[in-house]
Each structure stands twice: as structure tokens, then as C-alpha cells.
Amino acid sequence: MGDRIRQARLRANLSQEAVGLRSGMDRASYNRIEQGHASPLLDSLFRIADAIGVSTSELVREDSTPQP
């Protein structure tokens with residue numbers, strides 16, 4: 001999930017700090033989620049998706065298409 005969040009953030013041209021600020025979490029906590037060292041609670045996942053500007057399902061769905 002962290003990789004999908006990171007990819008969505010990069011596509012949106014946002015920094016980790018920007019997503020953290022927009023989602024109400026500090027950059028270190030957000031970074032731990034993106035690196036896969038922590039799993040976001042459902043409410044945090046909703047806030048992260050809103051901060052990036054994507055749907056929650058985009059962050060959690062398993063895509064069978066290989067990523068470049």
C-alpha cells in the first residue's frame with residue numbers, strides 16, 4: 001500500500017510534507033506509512049487520499065497491471 005500511496009503522491013507532484021500537512025499528520029508519521037513501516041488507520045487513509053486528490057480505492061486496490 002505504501003508504494004501505491006507514494007506513486008499517487010508523486011503523480012500529484014506533492015512532497016511528503018505537503019501531504020502530511022494536508023492530511024493532518026506529521027511528515028515522519030506519513031513517511032512511515034509510505035515506507036511500509038506502519039499501516040494507516042482507515043480515517044488516516046481517507047485523509048491521505050483527500051490530501052493527494054485521489055479516491056481511497058485507488059490507494060488500496062490491487063492492480064493486476066504491472067507498474068513501470
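How far apart are the mean positions of the 9 positive and 9 negative charges of the protein? They sit 3 Å apart. Keep in mind that this is a predicted model.

**Overall fold**
- You'll find 5 helices and 0 strands here, and from the N terminus on they line up as α-α-α-α-α.
- The radius of gyration is 11 Å, close to the 11 Å that the globule rule gives for 68 residues, so the protein is as compact as a globular protein of that length.
- If you look along the principal axes, the C-alpha trace spans about 30 × 25 × 20 Å.

- Of the 68 residues in the protein, 34% are buried.
- Take the contacts with a separation of 6 or more: 56% of them come from residues 24 or more positions apart.

**A closer look at E34**
- E34 belongs to helix α3, which covers residues 27–34.
- Is E34 buried or exposed? E34 has a relative accessible area of 2%, and buried means under 20%, so E34 counts as buried.
- Its side chain makes a polar contact with the side chain of Y30, at 2.6 Å.
- Leaving aside residues up to four places away in sequence, E34 touches G2, D3, I5, R6, R9 and Q16.

How values were computed. Residues numbered from 1 in each chain as written. Predicted model: local features only at pLDDT ≥ 70, side-chain atom pairs only at ≥ 80, totals over all residues. Heavy atoms only, no water. Helix = DSSP H or I, 4+ residues; strand = E, 2+ residues; numbered from the N terminus. Rg over C-alpha atoms; globule rule 2.2 N^0.38 Å. Buried < 20%, exposed > 50% of the residue type's maximum accessible area, 1.4 Å probe, protein only. Contact = heavy atoms within 4.5 Å. Lys, Arg positive; Asp, Glu negative; His and termini not counted. Charge placed at Lys NZ, Arg CZ, Asp CG, Glu CD. Polar contact = N/O pair within 3.5 Å; in protein donor to acceptor, adjacent residues only side chain to side chain.
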